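Please walk through this structure with me.

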Amino acid sequence: MTKIIFDCDPGIDDGVALAVALTDPAFELELISTVAGNVTVDKTSKNALKLVEFFNKEVPVAAGAKKPLIKQYEDASHIHGQSGMDGYDFPEPQRTVVAKDAVVAMHELLQVSPEPLTILATGAYTNLALLLAQYPEDKAKIKQVILMGGTLSRGNMSSVAEFNVYSDPQAAEIVFKSGLDLVMVGLDVTLKGRITEASQQAIAKCGQAGQMLDGIISADGDKTEAGTAIHDLQTVFYLQHPEAFTTKDYWVDVVTEGPALGATVADVRAAYHQETNVKVCLDIDTDAFNEWFVNKVKDNMQ
């Protein structure tokens with residue numbers, strides 16, 4: 001069983017990823033930490049609580065950063081809806097976030113854990129950057145960080161910048177230079193590995209959970225004829241099936257100012273760095289990804 005912290009900004013794609021992480025017996029979800037990103041942190045926290053209650057799980061939710069370290073906050077409600085997780089009529093959550101700030105909650109959990117924990121980071125990386133700045137000793141307790149974010153090709157916030165990195169580029173820079181074991185699951189793969197219409201039709205037949213997931217995926221604005229880009233779900237898929245991805249280790253820098261703000265620039269020719277700091281996902285087995293997702297819903301959520 002893989003013990004994980006899920007740092008996120010639900011968000012439809014975070015919500016789908018959380019649904020798998022909450023219900024798969026292969027994972028022990030220790031903490032959900034939330035951050036401002038797709039929508040404000042009060043909304044991302046409420047969405048996390050909605051999913052915890054929907055699946056009747058006992059997982060603490062801790063609210064984190066309300067804004068980026070330096071940059072002005074920008075949301076993505078035009079993609080995810082005003083609630084951040086439109087498409088299904090969730091009841092108002094009865095549970096509340098824990099009293100501790102997300103960074104403190106992450107720190108305390110890492111310190112008492114008998115083994116290093118894996119972090120899935122699918123929102124802006126503000127919480128992670130603050131954790132590393134305030135508690136540098138916690139690096140030794142982090143096994144791996146699987147990041148949804150970045151791109152070596154075209155961006156979705158500018159010609160070169162992906163949303164999560166663009167949301168807080170200074171935080172991303174801290175994380176990328178941290179020396180942690182990092183995996184970058186960026187737009188290079190998440191725009192290829194879309195959830196197909198056939199997969200949606202299959203999960204819609206899987207009881208209330210399948211109907212909920214079909215509803216929120218249908219509300220997601222990131223669609224093409226090939227399907228819906230449920231970006232964050234690929235971090236969970238990578239954790240279980242890294243062999244389904246083509247990867248390459250690079251040194252990746254984050255641009256923190258100017259017209260290329262938020263760009264993730266890989267030294268592909270090793271011209272400036274002999275060492276590497278990120279394992280970058282470059283391709284994905286889309287069929288395997290879709291089959292895996294449908295089976296997770298069928299096997300664990302009905």
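Is F54 buried, partly exposed or exposed? This is a predicted model, where local features need pLDDT of at least 70, side-chain atom pairs count only at pLDDT 80 or more, and totals for chains, interfaces and linings use all residues. Residues are numbered from 1 along each chain as its sequence is written, and side-chain values use heavy atoms, without hydrogens or water. F54 has 22% relative accessibility, so it counts as partly exposed (buried is under 20% relative accessible area, exposed over 50%, partly exposed in between, with a 1.4 Å probe and protein chains only). F55 is buried, because its relative accessibility is 11%.

Now look at helix α2, residues 41–54. Helices here are DSSP runs of H or I with at least four residues, strands are runs of E with at least two, and both are numbered from the N terminus. The expected span is 1.5 Å times one less than the number of residues. For the 14 residues of α2 that gives 20 Å, and the end C-alpha atoms are 20 Å apart, so the two agree. Buried residues of α2 include V41, T44, L49 and V52. Among the elements that cover them are α1 (12–23) and α10 (207–219). Just after α2, N56 has a positive phi of about 55 degrees.

Turn to the rings. Rings of Phe, Tyr and Trp (its six-membered ring) pair if their centres lie within 6.5 Å; planes under 30 degrees apart are stacked, over 60 edge-to-face, the rest tilted. This rule gives 9 aromatic pairs. F54 and F55 have ring centres 4.9 Å apart and planes at 75 degrees, so they are edge-to-face. F237 and F245 are tilted, because their centres are 5.5 Å apart and their planes at 50 degrees. F237 is buried at 1% relative accessibility. F245 is buried too, at 7% relative accessible area.

Technical notes
Contact = heavy atoms within 4.5 Å.
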